[in-house]
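I opened my notebook to get to know a new protein. Here is what I looked up, entry by entry.

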Amino acid sequence: MKVYGIVGWKNSGKTTLVERLVKELTLRGFAVSTIKHAHHDFDVDQPGKDSHRHRSAGAKEVLLSSTRRWALMHELFDESEPPLGDLLDKLSPVDLVLVEGFKSGNHAKIEVRREPATREVLAQQDSQIRAIATDCAPPKTNLPVFDLNNVTAIAEFILAESGLK
């Protein structure tokens, strides 16, 4: 599986870009999965539902299955957050995994910047950032810079970088 990251500061447009890339790439016939990193406590379950009751009772893992999908929830309790590689191992094989977040990961990435771009440029400290996608004046860089709304060009770049083109 090829892995490519989308990184940037909060509210920079990462999720929108990932969503648009998934649509673009799947329309081209590629199998794509995503991993999203969250910096806060989150819940995909709903209080009162059976699966939530199982987790609340102390289950380490709860697998919810239906005729349309299945989901596995794993409680870390006092364990450390697993590294990206361990999470990738849990996915079924696909052509490409788009990773949103995991700024410190050792994988190729595109930095997303949106107006007002006042925070530091991540690419200045991360050699794994291969390009910048922005809707504002681009920072001074030797990296390729894409219009954030030109999803076709960004997808082409990722495919070429990943060896999928």
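**Notebook: first look**

I began with the secondary structure, and the protein comes to four helices and eight strands. Helices here are DSSP runs of H or I with at least four residues, strands are runs of E with at least two, and both are numbered from the N terminus. I then read the order from the N terminus on: β-α-β-α-β-β-α-β-β-β-β-α.

I noted that this is a predicted model, where local features need pLDDT of at least 70, side-chain atom pairs count only at pLDDT 80 or more, and totals for chains, interfaces and linings use all residues. Residues are numbered from 1 along each chain as its sequence is written, and side-chain values use heavy atoms, leaving out hydrogens and water.

**Strand partners**

Which strands does β1 run parallel to? I found that β1 (residues 2-7) runs parallel to β5 (residues 96-100), joined by five bridges; strands pair if DSSP finds at least two bridges between them. One of these bridges links K2 with L96 in β5. I also found β1 parallel to β6 (residues 109-113), with three bridges. There, V7 has E111 as its bridge partner.

**Whole protein**

I looked up the extent next: the C-alpha trace spans about 55 × 35 × 25 Å along its principal axes.

How many of the 165 residues are buried? Buried residues make up 39%, where buried means under 20% relative accessible area with a 1.4 Å probe, counting protein chains only.

My last entry is on contacts (heavy atoms within 4.5 Å). Among those between residues at least 6 apart in sequence, 53% join residues at least 24 apart.

Notes
Buried < 20%, exposed > 50% of the residue type's maximum accessible area, 1.4 Å probe, protein only.
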